[in-house]
Structure formats: C-alpha cells, structure tokens
Amino acid sequence: MSSLSFETTRRVYCEPGASARLGSLAGELGITRVMLVTDPGVMKLGLPQAGLDSLKAAGIAVSIYDRTEADPPEKLVHEAVAAAKDFKADGVIGFGGGSSMDIAKLVAFLPRTSQQLSEVYGVGNAKGSRMPLIQVPTTAGTGSEVTGIAIITTGEAEKKGVVSPLLLPDIALLDADLTLGLPRAVTAATGVDAMVHAIEAYTTKHKKNPMSDALAREALRLLSGNIRHVCSETGAKDRKARSDMLLGAMLAGMAFANAPVAAVHALAYPVGGHFHVPHGLSNALMLPHVLRFNLAVDTAAAQYAELAPVLLPGKSFNSAAAGAGALLAELESIIDDVKLEKQLRQVGISHNHLPMLAKDAMNQQRLLVNNPREVGYDDALKIYEQAL
C-alpha cells in the first residue's frame with residue numbers, strides 16, 4: 001500500500017435508548033425543520049416515537065416521509081425530495097433500514113444542488129452541499145449510516161449507486177432497543193449482509209488498507225459471535241448482543257465505504273432487483289459460490305485464510321487452502337443455523353432466468369472491478385448455476 005485515504009461519518013453514538021437524543025443532536029446541527037425518512041413498517045411499530053418526542057421537546061418542526069420501500073425506485077426519491085422542499089426542511093433524519101437511509105442521503109443532497117439525480121450516479125459525480133443529516137438504523141445490516149453511498153433502483157430492475165463523500169452523514173445513532181423486535185428472518189439476512197461487507201472489504205482488489213482491514217476483522221468478530229444468538233428465541237431480546245450486531249454492521253460499513261465491495265454484491269443485485277429478494281438474503285445466496293470461485297486466486301485464498309480464525313477463534317490451519325476452506329464451511333454453517341434460504345430456486349428463480357441475471361450482473365462493473373478474480377458473463381452464469 002503506497003497511499004491511504006479514509007472517510008466516515010463525523011460522530012457515532014451507540015447506546016440503547018439513544019434515539020431519545022435526536023432532539024438535542026438535531027439542535028446541535030442547527031436543524032429547525034426536519035424531514036424524517038422512514039417506511040410504513042417502522043411507523044406501524046412505533047419505533048420513531050421516542051425520537052419524535054425529543055424533537056418536539058426541542059422545538060423542532062417535523063415532517064414524516066414514510067413511503068420508503070425495499071430496493072427504492074427513483075420515483076420515491078423524487079417524491080421525498082419534493083416533500084422536503086415543500087416543507088422547507090433544513091435537516092434530514094433517515095430512520096429505518098438501508099433503503100430509508102439511502103433515500104435520506106439524497107433528500108439531504110438534491111435540494112441543495114442544481115444537479116439532477118440522473119447526473120450523479122457513479123463515483124464522485126455529486127457536487128455541491130447538503131443539509132445536516134442524521135442516520136438511525138433499525139437493522140444491523142447495511143452500514144448505510146457510515147457510508148457515502150446511496151443505492152437506487154432504476155428502470156425495471158437495475159440498481160445504480162450515488163457514491164460521494166457529500167453523502168456521508170453527520171451523525172450515526174445506534175440504538176439497540178430499535179432492533180429488539182426484529183423478526184428472525186430480517187435479523188439473519190441483515191446480519192449476513194453485514195458479514196459480506198466485511199469479507200469483501202477485506203479481499204477487495206482496490207483500496208484495501210490497514211484501517212479497513214482492522215474494521216472488517218472486528219466487524220466479523222462481533223457479527224459472527226452474535227448472529228446465531230440474536231436469531232434464537234433467547235437472544236432476540238439481548239440488548240448487549242443486539243448492540244454488538246449494530247456496532248459490527250457499522251464497522252463493516254466503515255470498511256466497505258473505503259475498500260469497496262465486489263462480486264457477491266454485483267451478482268446479488270439482479271437477484272434482488274428482478275425477484276424482490278431482500279438484499280441481505282440475495283447476498284447470502286451468492287456468498288458461498290462467489291467465494292469458491294475466488295479461491296482459484298492465491299491472494300484471495302490467503303486473505304480468506306486470514307479471516308478464518310476471526311470466525312473460529314483458537315483454531316489454526318496448516319495452509320491457506322485449509323484456512324479458506326474452514327472460513328467457507330463456517331459461513332455456510334451460519335447460513336444454515338440462522339435458517340436462511342440457500343438456493344436460488346427457493347426464491348422463485350429457475351434455470352431459464354439465469355442468462356438474464358448474468359447479463360444484468362455485467363452492468364455492475366463498479367463492483368466487479370474490485371473482485372479478486374475477474375468475472376465475465378460466462379463466469380457469472382456458472383456461479384448462478386451453482387447457486388440454483
């Protein structure tokens with residue numbers, strides 16, 4: 001490594017019940033009129049109530065945009081931005097999963113620029129400024145609270161990213177109490193998603209660095225050490241374990257925001273886009289098969305082997321191949337134990353769909369260039385076949 005740059009969210013608070021501090025934190029940022037971006041499920045559960053009460057107590061006017069949906073299409077971004085402009089918002093809070101936080105980033109940015117959404121897709125194309133932005137994740141998965149990335153669905157199914165330091169939030173607020181009622185399937189899928197972030201950041205071909213490596217390793221330690229427990233009946237309400245999951249997901253987000261993800265995500269995006277499979281589950285379906293494909297590259301096998309003791313503490317391996325194999329076996333064991341689907345056919349995908357998926361995966365060159373091993377159309381098709 002000859003050079004290093006590292007960017008992340010300015011302030012982080014990790015504490016059960018911390019969402020009740022939203023009013024004071026928003027006030028510190030100079031916010032007087034805030035747009036809270038969330039989704040119907042989060043509102044139905046009443047998760048934002050403590051935060052809304054604190055905003056009201058601080059004298060901050062609030063407008064709620066709660067129409068966010070998974071894999072958000074462009075029309076929702078335009079709708080939310082228009083609502084923020086009409087309200088004359090001077091600050092934004094993303095409150096929910098990755099989709100809500102991603103929309104919140106663009107709601108904070110687009111009213112302050114002359115650029116259109118279509119002009120800012122890609123890396124470093126966004127210019128200008130944004131409103132103050134606070135992110136409150138309600139799942140331990142995307143790490144969006146500490147990334148300068150927003151993923152939006154364009155057209156029928158293709159996903160595009162806006163990647164810019166301008167989108168980095170001012171504050172990330174991790175409140176484990178918001179995750180205590182998460183269903184097992186959501187906890188499992190988002191947790192594996194976060195693990196994929198860490199693994200791909202650690203093995204990325206571009207921008208891998210000592211800081212992202214350290215964050216990825218600690219993220220994997222926290223996530224792998226708690227995911228089975230929080231997916232069990234006894235662990236679902238464990239505040240410490242839930243806090244550790246949120247912290248692990250955030251650290252993984254910090255890692256991949258600076259050392260970008262690769263082929264697991266590139267092949268997962270078409271699965272989610274076409275078949276409305278949750279993003280974390282899409283990643284889980286592709287993870288073992290992309291890792292097997294990458295093992296043909298010596299550097300990837302060595303890096304996977306370095307991660308094996310993080311998931312399997314106290315164990316040693318006499319070769320890189322043995323360590324990498326142990327990592328893969330443990331990841332598959334975790335996916336089994338948290339009861340996630342393991343085959344594409346289980347989510348409605350047939351052999352006839354695979355050429356379409358492989359073709360669409362080739363549109364994700366922003367991600368594929370980071371993979372340890374080059375992935376072409378024929379490679380993607382074969383990986384999908386193995387995952388079917």
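Alanine 150 has valine 162 in E8 as its bridge partner. Strands E7 and E8 are antiparallel and share six bridges. Two strands count as paired if DSSP finds at least two bridges between them. Helices (H or I, at least four residues) and strands (E, at least two) are DSSP runs, numbered from the N terminus.

This is a predicted model, in which local features need pLDDT of at least 70 and side-chain atom pairs count only at pLDDT 80 or more, while totals for chains, interfaces and linings use all residues. Residues are numbered from 1 along each chain as its sequence is written, and side-chain values use heavy atoms, with hydrogens and water left out.

**The three-stranded sheet**

- Three strands make an open sheet with mixed pairing, in the order E5-E8-E7.
- Strand E5 (122-123) and strand E7 (149-154) are the edge strands, and each pairs on one side only.
- Strands of a sheet pair through backbone hydrogen bonds, either parallel or antiparallel.
- E5 pairs with strand E8 (residues 158-163) in the parallel sense, over two bridges.
- Glycine 122 has valine 162 in E8 as its bridge partner, and valine 123 stands opposite valine 163 in E8.
- E7 and E8 form a hairpin with three residues between them.
- In that turn, glycine 155 has a positive phi of about 60 degrees.
- Helix H5 (residues 98-109) lies across E7 and E8 and runs at about 100 degrees to E7.
- Axes are lines fitted to C-alpha atoms, for helices over the stretch in contact, and angles run from 0 to 180 degrees between N-to-C directions.

**The six-stranded sheet**

- Six strands form an open sheet with parallel pairing, in the order E1-E9-E6-E4-E2-E3.
- Its edge strands are strand E1 (11-14) and strand E3 (61-65), and each pairs on one side only.
- Neighbouring strands of this sheet are turned by 15 degrees against each other on average, direction ignored.
- Strand E6 (residues 133-137) and strand E9 (residues 171-174) pair in the parallel sense over two bridges.
- Glutamine 135 has alanine 172 in E9 as its bridge partner.
- Helix H4 (residues 74-87) lies across strand E2 (33-37) and E3, at about 160 degrees to E3.

- The axes of helix H7 (residues 184-203) and helix H9 (residues 239-258) come within 8 Å and cross at roughly 35 degrees.
- Residues of H7 that meet H9 include Gly191, Ala194 and His197.
- On the H9 side, Met245, Ala249 and Phe256 are among them.
- Contact means heavy atoms within 4.5 Å.

**Charges over rings**

- A charge sits over a ring if NZ of Lys or CZ of Arg is within 6 Å of the ring centre and within 35 degrees of the ring normal.
- The charged end of arginine 33 sits over the ring of phenylalanine 87, 4.2 Å from its centre.
- Arginine 373 lies over the face of phenylalanine 293, 3.8 Å from the ring centre.
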